[in-house]
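User: I'd like to learn how to read a model like this one, feature by feature. Please start with a contact between a charge and a ring.

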Amino acid sequence: MKLKVLGCGDAFASLGRFNTSFFLYGENKNVLIDCGASTLVQMEKEGVTPLDVDVIIITHFHGDHYGGIPFQMISNKMVYNRNKPLTIWGPSGVKERVLNLQEAMYAGTSGIFDELKVTFKEYVADAWIGFDDIEVFSKEVVHSPPSNPHGVKIKLDDKVFAFSGDTEWTDSLLDLADGSDLFVCECNNLNHDSPGHLSYKTLLEKKPQINTGKLMVNHMGAEVIRAEGLEIERLEDGAIVEF
């Protein structure tokens, strides 16, 4: 399985990193996990187009994680003349949130979702749900409550990819990571946790409890990006991770 890192930065584009977004290559379906405001720019640079995306999975409703969807949709319609199915998964209220965002960004264009026959699916917390060769397990995490934050575990082909979303430490992360081939965990800070975000220090302390084939960190602030000698591998914009 291959994961293309479209962006692994925080909301502030620290040291020029793109907003969080990952492209998961499957045998029959490709999955875009989170879609920050800068995602389409990085996709086009990396040779991935909106037409390549079969499923978009949203962890929570903050702009650096779903603010790029309106750009995806107008590109699908006006550049690529999309005629293949697209499914958007997310926390409860995902359809309303996405349509409202579309109207806020490009007034009068929310009808694109009907034209392109986009299907919306809501998570069922603490349970696996399946659709079209993809299974998703989700758990609520500890971030800004209005954003409805979740972590996800995605089963595609014979591999399992897990992602914390944005969160403080919570034992829900142990459930999300359990049995995964790759677990990407947020790591916004280096030595100190902050409301809604995790530090490298805390993650390193919890690492022995995390049951995954490979652990990597994401959503890094400048301190984490600059730090030397870290024991947990960092993602890099544009990198491909095989697992």
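Analyst: Happy to! A charge sits over a ring if NZ of Lys or CZ of Arg is within 6 Å of the ring centre and within 35 degrees of the ring normal. Here K153 lies over the face of F137, 5.2 Å from the ring centre. K155 does likewise with W128, at 4.6 Å from the ring centre. Before we go on: this is a predicted model, where local features need pLDDT of at least 70 and side-chain atom pairs count only at pLDDT 80 or more, while totals for chains, interfaces and linings use all residues. Residues are numbered from 1 along each chain as its sequence is written, and side-chain values use heavy atoms, leaving out hydrogens and water.

User: What stands opposite W128 in β8?

Analyst: Helices (H or I, at least four residues) and strands (E, at least two) are DSSP runs, numbered from the N terminus. Two strands pair if DSSP finds at least two bridges between them. In this model, W128 stands opposite F137 in β8, and F137 is the ring that has K153 over its face. β7 and strand β8 (residues 134-140) pair in the antiparallel sense over four bridges.

User: In what order do the seven strands of the open sheet run?

Analyst: The order is β7-β8-β9-β10-β11-β12-β13, with mixed pairing. At the edges are β7 and β13 (233-234), each of which pairs on one side only. In the whole chain there are eight helices and 14 strands.

User: How many aromatic pairs does a search of the whole structure find?

Analyst: In general, a pair of aromatic rings is described by the distance of the centres and the angle of the planes. Rings of Phe, Tyr and Trp (its six-membered ring) pair if their centres lie within 6.5 Å; planes under 30 degrees apart count as stacked, over 60 as edge-to-face and the rest as tilted. The search finds nine such pairs. One of them is W89 with F131, an edge-to-face pair at 6.4 Å centre to centre and 65 degrees between the planes. Because W89 lies in strand β5 (residues 86-90) and F131 in strand β7 (residues 128-131), the pair ties together parts that are 42 residues apart in sequence.

User: Is W89 buried or exposed?

Analyst: Buried means under 20% relative accessible area, exposed over 50%, and partly exposed in between (1.4 Å probe, protein chains only). W89 counts as buried at 1% relative accessibility, whereas F131 is partly exposed at 28%. A tilted pair is F161 with F243, at 6.4 Å centre to centre and 40 degrees between the planes. F161 belongs to strand β10 (residues 159-163) and F243 to the segment after β14 (240-242), so this pair ties together parts that are 82 residues apart in sequence. F161 is buried at 1% relative accessibility, and F243 is buried too, with a relative accessible area of 14%. F161 and F243 also belong to one aromatic cluster with F22 and F163.

User: Which strands do bridges join to β1?

Analyst: Three bridges join β1 to β14, and the two run antiparallel; K4 has I240 as its bridge partner in β14. On strand β2 (residues 21-25), five bridges join it to β1, again antiparallel, with Y25 in β2 as the partner of K2. Strand β1 (residues 2-7) is mostly covered, with five of its six residues buried.

User: How many of the ten residues of helix α3 are buried?

Analyst: Seven are, so helix α3 (residues 69-78) is largely enclosed by the rest of the structure. Among the buried ones are I69, P70, M73 and I74.

User: What is H197 in contact with, leaving aside its neighbours within four places in sequence?

Analyst: Contact means heavy atoms within 4.5 Å. By that rule H197 is in contact with H143, D166, T167, E168, E186, N188, N189 and H219. H197 lies in the loop between β11 (182-186) and α7 (200-206) and is buried, with a relative accessible area of 15%.

User: Let's finish with the whole chain.

Analyst: Of its 243 residues, 56% count as buried. Among contacts with a separation of 6 or more, 62% come from residues 24 or more positions apart. Along its principal axes, the C-alpha trace spans about 50 × 35 × 35 Å.
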